[in-house]
Amino acid sequence: MVDNNKIDVVSTKNAFSTLGIATTLHFAESENEAWSLLQGDHKISPTPKNILIDINENGLSGLNLLYNIRRHPDLKSILVFVITKANDDENKVAALNLNIAGYIRKPIESENNIDFFSILNDYWNIIEYSSEKK
């Protein structure tokens, strides 16, 4: 997850814990930090299959990171979900043109937070199961 809003990060951790989603979460506060986790000095392994990127947060556009992910041969197949507070049609179209898996408006209200991450987890499991069957 790439997001510099601490409340959203804690909310995401809590939702995963509540739902019993057994996955390793990695968090980055900036595009540079996220890229370092994907291809830099602090590269994580295995490469994530899913990324949540906040765009239009103060100091974080996210579109550059998304563009770089889509251009990289080892990363271009990652499922990327954009999360944003901004109501910016231009950025939404730009993100959609970079083949995102979803565009979600924040704030994800606390009562909807669990539902959102539950549905997202189900989606990830379906995609993961489908790719393993090939």
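Biologist: Let's start with K6: buried or exposed?

Modeller: K6 is exposed, with a relative accessible area of 52%; buried means under 20%, exposed over 50% and partly exposed in between, using a 1.4 Å probe and protein chains only. Bear in mind that this is a predicted model, where local features need pLDDT of at least 70, side-chain atom pairs count only at pLDDT 80 or more, and totals for chains, interfaces and linings use all residues. Residues are numbered from 1 along each chain as its sequence is written, and side-chain values use heavy atoms, with hydrogens and water left out.

Biologist: Which residue forms a salt bridge with K6?

Modeller: That's E29, with the closest N and O atoms 2.2 Å apart. A salt bridge here is a side-chain nitrogen of Lys or Arg within 4 Å of a carboxyl oxygen of Asp or Glu. E29 sits in the loop between α1 (6-19) and α2 (31-39), 23 residues from K6 in helix α1; helices (H or I, at least four residues) and strands (E, at least two) are DSSP runs, numbered from the N terminus.

Biologist: How many salt bridges does a search of the whole structure find?

Modeller: One.

Biologist: New topic: which residues touch the most other members in the largest nonpolar core?

Modeller: I51, I53 and L66, out of 21 residues. Such a core is a set of buried Ala, Val, Leu, Ile, Met, Phe, Trp, Tyr and Cys residues joined through side-chain atoms within 4.5 Å.

Biologist: And which element gives the most to this core?

Modeller: α3, with four residues.
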